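Open the structure in your viewer and keep the selection panel at hand. We will go from stop to stop.

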Amino acid sequence: MYTTKTVIRVGIADMNIAKAPQTIRTSGLGSCVGVVLYDSTKKIAGMVHVMLPDSQLGKTAQLNVAKFADTGIHAMIEMLKAQGVRPFSIKAKIAGGAQMFQFGSNDTIRIGPRNIEAVKQELKRYSIQITAEDTGGSSGRTIEFDPETSILHVRTVNAGTREI
Amino acid sequence: MNTNYDITEMHLDVLKEIGNIGAAHAATSLSQLLGHKIDMRVPNVALVTFDEMFELAGGNEEIVAGIFLRIEGDLTGSMFFVQTIESATQFIRKLTGDTEFEFTAVEELGLGASALQELGNILSGSYLSALSDFTSLKIYPTVPSLCVDMVGAIVSFGLIEISQYSDEVIVIETEILQEGEQGISSVAGHFFLLPDPPSYRTIFSSLGVL
């Protein structure tokens, strides 16, 4: 086996799973929210890059589940379960949901806060505890989660990298 | 994609013409504003995924100065003018006459931010009024807003509306070039026009290619 760490990349409206020593990363979160669901004992983590709060907003016949807070979190829990993770051992770290611009059409202007709200509501529904968050504000974020340590690295343009 | 619509080569060609006319007008205004020659490349029109869209704008994590506005009226959509920090700095220096100007956080840009915003106003205004004349559609731009951050964070905001309809977007991209020292052109910035999917039909029917 290689000892170098592989980074699993998650695109926008996308999701994936990583197992230690892999790490999982998504970049350029603006109003989108990066949701990490992890099991610290099994050292496995899933990440969803949520773009919209509710799948009801989807106007297409075929739904990309990773795009929405409700369907994305549900699908990620199922993916983790399929990996042998017990639902009650799942914890969450979230980041993103910034308000990048101070205007927009009525619905889109508050999309960041709405995404955060929807993610939290959904996690609460599944009784998943949020152990750390870095949300809101007006800066973009790039996040990387290490399932080995359960640390989420959050990088912003102005404030550098911090660990949560 | 669910627009009840098959996008053909002909449709993309028509959109290319839109990018051509819009950006040509914007380039002329810019040239008048700065008092030197501005060129543009032939527009690139493509149906791309959101991640590909970030690549077009310079790469997801690249830090850029983005001017964003929404388009309202008969036609709705998002419009971006994306510049590297380097070319945004050059613009601000020229527009404000402050040759020492350096980029910092957006809140501290002061006059520089106003200058860039004004640049956005002029460019998008001329782009869209040309587009409006060409299509006879009523188009109202919102006031442009400036943001200096990662490409993904900026551009994804303009994809929110579109993402309710599709995982792909038609992007009309035009590169603006400016003549620098010794006549060498460099990229001044990129225009991105992203019509909302329900507006595809409006555009095509106004141009008689429905």
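**Before you start.** This is a predicted model: local features need pLDDT of at least 70, side-chain atom pairs count only at pLDDT 80 or more, and totals for chains, interfaces and linings use all residues. Residues are numbered from 1 along each chain as its sequence is written, while chains are lettered from A and ligands numbered from 1 in the order in which they are written.

**Stop 1: the sheet of chain A.** Select E2, E5, E4, E6 and E7 of chain A, in that order: they form an open sheet of 5 strands with mixed pairing. Strands are DSSP runs (E, at least two residues) and helices likewise (H or I, at least four), numbered from the N terminus. Two strands pair if DSSP finds at least two bridges between them. Look at the edges, E2 (15-19) and E7 (129-135) of chain A: each has a single partner strand, so one side of each lacks a neighbour in the sheet. From one strand to the next, the twist averages 15 degrees.

Now pick E6 (residues 91-96) of chain A. It pairs with E7(A) in the parallel sense, over 6 bridges. Click Lys91(A); its bridge partner in E7(A) is Gln129(A).

**Stop 2: two helices on the sheet.** Show helix H1 (residues 69-82) of chain A, which packs on the sheet and touches E2, E4 (33-39) and E5 (44-50) of chain A. Contact means C-beta atoms, placed from the backbone, within 7 Å. The direction of H1(A) makes about 165 degrees with that of E5(A). Angles run from 0 to 180 degrees between N-to-C directions, with axes fitted to C-alpha atoms, for helices over the stretch in contact. Next, show helix H3 (residues 111-125) of chain A. It lies across E4, E5, E6 and E7 of chain A, at about 20 degrees to E4(A).

**Stop 3: Leu37(A).** Which residues does Leu37(A) contact, leaving aside neighbours within four places in sequence? Among them are Ala45(A), Met76(A), Leu80(A) and Ile128(A).

**Stop 4: a strand pair in chain B.** Select E3 (residues 63-73) and E6 (145-150) of chain B. They run antiparallel, joined by 6 bridges. Ile63(B) has Met150(B) as its bridge partner in E6(B).

**Stop 5: where the chains touch.** Here 29 residues of chain B are in contact with 32 residues of chain A. On the chain B side, the elements giving two or more residues are H2 (50-56), E3, E6, H5 (151-155) and H6 (160-163) of chain B.
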